[in-house]
Amino acid sequence: MATINTMISSLPSTSAFQLHTSTPSPTTLALINTNSITTTTSFNRRKPIRNRNLIIRASSHMIEKETAETHRPDTFLRESDGGSSNQELGANSVRGRFEKMIRDAQDSVCAAIEAADGGGKFKEDVWSRPGGGGGISRVLQDGAVWEKAGVNVSVVYGVMPPEAYRAANPVNAAENGNFKPEPVPFFAAGISSVLHPKNPFAPTLHFNYRYFETDARKDAPGAPRQWWFGGGTDLTPAYIFEEDVKHFHTVQKNACDKFDPTFYPRFKKWCDDYFYIKHRNERRGLGGIFFDDLNDYDQEMLLSFATECANSVVDAYIPIIERRKDTPFTDQNKAWQQLRRGRYVEFNLVYDRGTTFGLKTGGRIESILVSLPLTARWEYDHQPEEGSEEWKLLDACINPKEWI
């Protein structure tokens with residue numbers, strides 16, 4: 001079983017969405033200007049929505065199978081959304097601008113990764129689906145710095161099963177008795193990346209930013225379109241260097257503070273809670289930010305916020321890699337890194353909603369599993385020595401800290 005939270009499972013891991021069941025009303029929100037000058041910009045803020053997690057049976061027919069392409073198209077949008085001959089429409093729509101943002105972010109992150117590696121190059125696969133949408137998967141393996149680095153973008157069109165709509169609209173379902181509603185079309189776009197360095201003193205990074213919409217059903221023309229944003233950036237080191245962790249969290253906080261000073265503490269806690277390995281009673285790493293189902297602010301504001309977060313990835317991460325990529329290490333250090341990689345695998349295959357749903361619904365397997373490292377290790381009942389550097393990392397994963 002899987003929740004509708006993960007309907008965009010063909011996007012790489014950590015894809016999570018929920019179908020909302022009410023329409024909020026607007027208020028206003030102040031934005032802190034990116035130039036650190038205190039100005040106030042008016043945004044429509046909408047009251048938070050109560051979400052209902054929808055339990056549905058996974059269906060392999062939700063998303064069409066992909067077709068390999070030989071070149072990158074200018075857009076993966078359907079023509080009705082601004083694809084091919086109607087690109088002016090797409091350039092002005094939220095769908096079109098979000099697609100441009102994630103593709104620009106993919107280019108900038110990949111360029112920074114290749115520069116840090118000093119020789120490795122990404123392999124690129126371009127794919128599309130017959131009913132519209134597609135994606136670009138890029139992977140760099142066995143480089144000088146990177147064991148495996150994946151940066152993927154996806155634009156997906158699909159259909160929610162009727163039972164998902166009935167669960168989201170119980171009043172309508174009751175009023176119509178045995179009436180069976182039509183499936184609900186949806187659109188999703190996102191960028192997702194996991195970067196695994198070779199050096200055990202260099203941390204793994206994950207980031208994912210996504211946008212989701214549902215369209216009106218055929219049996220309910222004119223019904224309001226639902227939309228929301230999700231995403232985050234988180235750090236997973238094998239060893240703690242406080243200056244690195246503080247730098248990383250400071251960049252996340254700065255990106256959040258430009259829009260709302262409550263975002264960073266709220267999204268940091270959300271990150272700590274989400275990346276929790278229940279059967280180990282520990283977090284996957286040292287956190288960052290994570291948010292989901294955001295639609296209680298103005299849509300333009302949230303698009304700008306997601307863009308700011310995605311554009312902050314290189315500044316948050318690459319300086320850490322440059323400091324740690326050539327640090328000498330021992331076999332013991334490498335073995336500990338591999339044990340922590342095992343935890344990474346456990347979370348992604350057991351708990352990550354995007355990964356598990358993608359495996360059940362026939363999503364693009366290479367994109368779904370790109371988050372996994374090339375190598376990992378499991379030892380029976382391994383316990384680091386209390387007070388050791390390894391123990392300090394484990395303690396921080398069990399007891400999340402405030403780094404800044």
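**Packing and burial in a predicted model**

V194 counts as buried, with a relative accessibility of 3%. The model is predicted, so local features need pLDDT of at least 70 and side-chain atom pairs count only at pLDDT 80 or more, while totals for chains, interfaces and linings use all residues. Residues are numbered from 1 along each chain as its sequence is written, and side-chain values use heavy atoms, with hydrogens and water left out.

V194 lies in strand β9, which covers residues 184–197. Helices (H or I, at least four residues) and strands (E, at least two) are DSSP runs, numbered from the N terminus. V194 and F207 are 13 residues apart along the chain. Their C-alpha atoms are separated by 6.7 Å. Leaving out residues up to four places away in sequence, V194 touches K148, A149, G150, T204, L205, H206, Y344 and S371. A contact means heavy atoms within 4.5 Å.

The protein as a whole was then examined. It has 404 residues, and 55% of them count as buried. Its secondary structure comes to 12 helices and 14 strands. Contacts between residues at least 6 apart in sequence were also sorted by separation. Of these, 73% join residues at least 24 apart.

Confidence is given as pLDDT, the predictor's score for each residue, from 0 to 100. The mean pLDDT of the protein is 82. A value of 70 or more is reached by 74% of the residues. Over residues 1–43 the pLDDT is below 50. Beyond near neighbours in sequence, that stretch has 158 contacts in the model. Residues 167–173 also have a pLDDT below 50. Their stretch has 10 contacts beyond near neighbours in sequence. Where pLDDT is low, the predicted coordinates should not be read in detail.

Two helix pairs were described next. Packed helices are described by the angle between their axes and the distance between the axes. Axes are lines fitted to C-alpha atoms, for helices over the stretch in contact, and angles run from 0 to 180 degrees between N-to-C directions. Helix α5 (residues 242–257) packs with helix α8 (residues 313–324) at an angle of about 165 degrees. Their axes are 8 Å apart. That angle makes α5 roughly antiparallel to α8. Angles under 35 degrees count as roughly parallel, over 145 as roughly antiparallel, 65 to 115 as roughly perpendicular and the rest as oblique. The crossing of α5 and α8 is right-handed. A crossing is right-handed if the near helix is turned clockwise from the far one by less than a right angle, and left-handed if anticlockwise.

On the α5 side, the contact is made by E243, D244, H247, F248, V251 and Q252. On the α8 side, it is made by D315, A316, P319, I320, R323 and R324. By class, this contact of α5 with α8 has five nonpolar, two polar and five charged residues. Ala, Val, Leu, Ile, Met, Phe, Trp, Tyr, Cys and Pro count as nonpolar, Asp, Glu, Lys and Arg as charged, and the others, Gly among them, as polar.

Helix α9 (residues 331–350) packs with helix α12 (residues 389–398) at about 20 degrees, with axes 11 Å apart. That angle makes α9 roughly parallel to α12. Their crossing is right-handed. Helix α9 contributes Q332, N333, W336 and R340 to the contact, and α12 contributes E390, L393, L394 and C397. The residues of this contact of α9 with α12 divide into four nonpolar, two polar and two charged.

C256 is found in helix α5. It is buried, with a relative accessible area of 0%. C256 touches F263, Y264, F267, I289 and F305, not counting residues up to four places away in sequence. C256 and C309 are 53 residues apart in sequence, and their C-alpha atoms are 7.7 Å apart in space. R103 has its place in helix α2 (residues 94–117). R103 counts as buried at 14% relative accessibility. With residues up to four places away in sequence not counted, R103 touches R72, P73, D74, T75, F76, I136 and V153.

Backbone angles came last. Most residues other than glycine have a negative phi. N281 has a positive phi, near 55 degrees, and is not a glycine. N281 is found in the loop between β12 (276–277) and β13 (282–283). At 45% relative accessibility, N281 counts as partly exposed. D381, also not a glycine, has a positive phi of about 50 degrees. D381 is found in the loop between α11 (365–368) and α12. It counts as exposed, at 55% relative accessibility.

Key
Buried < 20%, exposed > 50% of the residue type's maximum accessible area, 1.4 Å probe, protein only.
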